[in-house]
Amino acid sequence: MLAKIEQLLQEVESMTASNTEELEALRIKYLGKKGAINALMTDFRNVPAEKKKEVGMKLNELKSRTQERIAALKEANESQDNGISELDLTRTAYPIKLGTRHPLTIVRNKIIDIFSRMGFTIAEGPEVEDDLHVFTSLNFAADHPARDMQDTFFIDVNKEDVTKNVILRTHTSSVQVRTMEKTQPPIRIICPGRVYRNEAISYRAHCFFHQVEGLYIDKNVSFSDLKQVLLQFSKEMFGAETKIRLRPSYFPFTEPSAEMDISCDICGGKGCPFCKYTGWVEILGCGMVDPNVLEACGIDSKIYSGYAFGMGVERITNLKYKVKDLRMFSENDIRFLKEFEMAY
């Protein structure tokens, strides 16, 4: 039996396993219930009494050495498989497609790019604002309808002093006010951002949306400067054949004020259901900054003049991509978003 034990010891010392299956086969061969070592244990009772001590010690040495050798081989195999074991083997074999930019982001970036090339810089401000920067400094009368709870989200209402009301901004014009308070002309900025209004959500309206407003203040700024900038923007955004028209309108913070239409790019201005058979589609409001606004922000209206304009990003996106339901922009339907994979 001693010769058999020595032979098995030599086999154990030289055994190798390159994978889990081979290692398990070795374990069964030597340590299994029907393995070689258990067979020797069974034969141990036939060993003469005077040799039991010597044979027993050798048999225990064989078993211990076999267990140590198999444990070492198992550790070596696991260290080699670390790169594979960290992989999620349940993950689909199909390649994961990259996402795409949101259509509002695509249009917003396009708007910013166009005006940036015309010398405008980006200005940003807080979404939680006060009445002073959203309404009062912009020449809104104390009884203006926009101050009503139906239009504005009020966070904290101070009935004694309306200028201290805390609200969610209803337009990014508040960023223009903050810029004018801290900066002397020349000022040439655009103000992209999210705004909030207390409106019922439907296919044509939402309680939050996005705007890009622009402001230019310097000496001898005229309405013709404003018209040329907006014409250039329209041609770059909607195509070189785009025409514009300016219609008189009213805004508390500009005078004179206008709404700007572009020629319908679907019918070429001939009239269709999209433009309600007028050939024109309204896209933004604009005008010359009211002198009262300049003075409220610490700018001398006798020296400086300026223009301002503002557009809804959702509105421009609707016109560019013919999206009929505003709610689709905030629902994150992957089928809708996939339509814009090639849009940028």
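Setting aside neighbours within four places in sequence, His102 makes contact with Phe329, Asn332 and Leu337. In this predicted model, His102 sits in the loop that runs between α5 (82-85) and α6 (103-116). Its side chain also reaches the backbone nitrogen of Leu104, at 3.1 Å.

Next comes the sheet. Seven strands make up an open sheet with mixed pairing, in the order β1-β5-β6-β10-β9-β8-β7. The edges belong to β1 (121-122) and β7 (244-251); each has a single partner strand, so one side of each goes without a neighbour in the sheet. Further in, β6 and β10 run antiparallel and are joined by eight bridges, with Glu213 standing opposite Gly310 in β10.

Helices pack on this sheet too. α6 lies across β1, β5 (187-196), β6 and β10, and runs at about 165° to β5. α11, for its part, touches β6, β8 (254-263), β9 (280-289) and β10, its direction making about 145° with that of β9. Within α11 (residues 313-321), the buried positions are Val313, Glu314, Ile316, Thr317, Asn318 and Leu319. Just past the end of α11, Lys322 takes a positive phi of about 60°.

Then there are the rings. The count of aromatic pairs comes to twelve. Take Phe115 and Phe120: their ring centres are 5.5 Å apart and their planes meet at 80°, which is over the 60 needed, so this pair is edge-to-face. Both partners are tucked away: Phe115 is buried, with a relative accessible area of 0%, and Phe120 counts as buried at 3%. Tyr216 and Tyr307 form another edge-to-face pair, at 5.5 Å centre to centre and with 65° between the planes. This one ties together distant parts of the chain, since Tyr216 belongs to strand β6 (residues 208-218) and Tyr307 to strand β10 (residues 305-312), 91 residues apart. Tyr216 and Tyr307 are both buried.

Note on methods
Residues numbered from 1 in each chain as written. Predicted model: local features only at pLDDT ≥ 70, side-chain atom pairs only at ≥ 80, totals over all residues. Heavy atoms only, no water. Buried < 20%, exposed > 50% of the residue type's maximum accessible area, 1.4 Å probe, protein only. Helix = DSSP H or I, 4+ residues; strand = E, 2+ residues; numbered from the N terminus. Phe/Tyr/Trp six-rings, centres within 6.5 Å; stacked < 30°, edge-to-face > 60°. Polar contact = N/O pair within 3.5 Å; in protein donor to acceptor, adjacent residues only side chain to side chain. Contact = heavy atoms within 4.5 Å. Pairing = 2+ DSSP bridges. Axes fitted to C-alpha atoms, helices over the stretch in contact; angles between N-to-C directions.
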